[in-house]
Amino acid sequence: MSRYWSAVVHGLTPYVPGEQPKLANLVKLNTNENPYGPSPKVIEAVRAEAADTLRLYPDPNSDRLRAGIAAYHGVTPEQVFVGNGSDEVLAHAFMALLKHERAILFPDITYSFYPVYCGLYEIGHRAVPLTESFEIRVDDYLTPNGGIIFPNPNAPTGRLLALGEIERLLAGNPDSVVVIDEAYIDFGGDSAVGLVARYPQLLVTRTLSKSHALAGLRVGYAIGQPHLVEALNRVKDSFNSYPLDRFAQAGALASIEDRAYFESICAKVVRTRTRLVEEMEALGFEVLPSGANFIFARHPAQDGAALAAALRDRSIIVRHFRNPARIAPFLRVTVGTDAQCDALVAALKALC
Ligand SMILES: *Cc1c(COP(=O)(O)O)cnc(C)c1O
């Protein structure tokens, strides 16, 4: 606290990112990073940017990258907005498209950055409880609102909402923006991008941090009709005209274009996820069905916080959320390599 702070800063409750410990030899399963490296073509493209041209500003509109993303999704470049990680894209979406008279809606258990943006931009919100089995019930969102946002699959539960349900939500909610945060959709879900042409209020956000193994590059994007993208650009150009540096633009494009590589690492993660779920269930864990690169699991006889701490003593880091109380028994475990998951299962065998 300082008397030099603005009133806004005094009132903020910032997001707390998962820990990035500086220790070596950790089994790091806490922040949903990809255990495999990015495509070799990404490394090549990023290296090529380490050149004299760094004295020049990057393309403020990331035209080549947006064209590559558009081609990948079968949309036009005017339907693509890129940002410094999808967190930045989401921040702009809150400011540009979700700040209205009425409160916005999102699940009570969801990505904990959403309420932080609401605090920063002074956006009213109402948390809609998930069902007993941690599912999003679309009917609960068919009520007047200033906007709707949730991840699909949801985080930190991993539960996937069927595309038909998302379409039902859009059909029943024509008057406000619906943001579907597809940070984890590449691990087995059906994307809502195909609905963008028919629903002018739909914005789909994506990140290269998880499925493309590029959390360190900071690239995310949104797809929506041009009028929504224009709103995001108006905020972007009132904040930072160069959110993606030369490395990020070149590396992200190379990754999007190396489809075979990225699909192969996603398939590996999904295979390991199936194995991990089976092995944890064999240890007595209840594991929610996951469409993501993490699983959300609880053991009926173990305290979540204590279990996370005991794993930590064995150099295995998973994520535990104290709040809300309903999820305190759970651990969120990133799907790592087979060897990392073996280490986790061996430690849990000793503990449970
Ligand atoms: C990881 C994550 C993001 C942020 O991704 P970045 O592109 O790394 O900023 C957004 N939404 C959800 C639900 C996430 O889990």
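Partly exposed here describes a residue with a relative accessible area between the buried limit, under 20%, and the exposed limit, over 50%. The close-ups below show a predicted model.

**Close-up 1. A salt bridge joins R168 and D139**. D139 has a relative accessible area of 45% and is therefore partly exposed. The side chain of D139 meets that of R168 with an N to O distance of 2.8 Å. R168 belongs to helix α6, while D139 sits in the loop between β4 and β5, so the pair links distant parts of the chain, 29 residues apart. R168 is partly exposed as well, at a relative accessible area of 34%.

**Close-up 2. E135 and R159 form a salt bridge between two loops**. The N to O distance between the side chains of E135 and R159 is 3.5 Å. E135 is located in the loop between β4 (125-128) and β5 (148-151), and R159 in the loop between β5 and α6 (163-171), so this pair ties together parts that are 24 residues apart in sequence. With a relative accessible area of 35%, E135 is partly exposed. The structure holds 17 salt bridges.

**Close-up 3. R275 of helix α9 is paired with D338 of helix α11**. The two residues form a salt bridge in which the closest N and O atoms are 3.0 Å apart. Helix α9 covers residues 259-282, and the pair links distant parts of the chain, with R275 and D338 lying 63 residues apart. R275 counts as partly exposed because its relative accessibility is 26%. D338 also counts as partly exposed, at 34% relative accessibility. A network of salt bridges links R275, E279, D338 and D342.

**Close-up 4. Helices α10 and α11 cross at roughly 120°**. Helix α10 spans residues 304-313 and helix α11 spans residues 338-351; their axes come within 10 Å. The two helices are therefore oblique to each other. The crossing of α10 past α11 is right-handed. On the α10 side, the contact is made by L307, A310 and L311, which meet L344, A347, L348 and L351 of α11. The residues of this contact comprise seven nonpolar, no polar and no charged.

**Close-up 5. A cis peptide bond joins N152 and P153**. Its omega is about -5°. Most peptide bonds are trans. P153 is placed in the loop between β5 and α6, the loop that also holds R159.

**Close-up 6. The peptide bond from N323 to P324 is cis**. Omega for this bond is near -10°. P324 lies in the loop between β11 (316-318) and β12 (330-334).

**Close-up 7. N32 has a positive phi**. Most residues other than glycine have a negative phi. N32 is not a glycine, yet its phi is about 60°. The residue is found in the loop between β1 (27-29) and α2 (40-48). N32 counts as buried because its relative accessibility is 1%, and buried means under 20%.

**Close-up 8. S315 has a positive phi of about 65°**. S315 is not a glycine either. Its place is in the loop between α10 and β11. At 33% relative accessibility, S315 counts as partly exposed, whereas N32 counts as buried.

Methods
Residues are numbered from 1 along each chain as its sequence is written. This is a predicted model: local features need pLDDT of at least 70, side-chain atom pairs count only at pLDDT 80 or more; totals for chains, interfaces and linings use all residues. Side-chain values use heavy atoms; hydrogens and water are left out. Axes are lines fitted to C-alpha atoms, for helices over the stretch in contact, and angles run from 0 to 180 degrees between N-to-C directions. Helices (H or I, at least four residues) and strands (E, at least two) are DSSP runs, numbered from the N terminus. Angles under 35 degrees count as roughly parallel, over 145 as roughly antiparallel, 65 to 115 as roughly perpendicular and the rest as oblique. A crossing is left-handed if the near helix is turned anticlockwise from the far one by less than a right angle, and right-handed if clockwise. Contact means heavy atoms within 4.5 Å. Ala, Val, Leu, Ile, Met, Phe, Trp, Tyr, Cys and Pro count as nonpolar, Asp, Glu, Lys and Arg as charged, and the others, Gly among them, as polar. A salt bridge is a side-chain nitrogen of Lys or Arg within 4 Å of a carboxyl oxygen of Asp or Glu. Buried means under 20% relative accessible area, exposed over 50%, partly exposed in between (1.4 Å probe, protein chains only).
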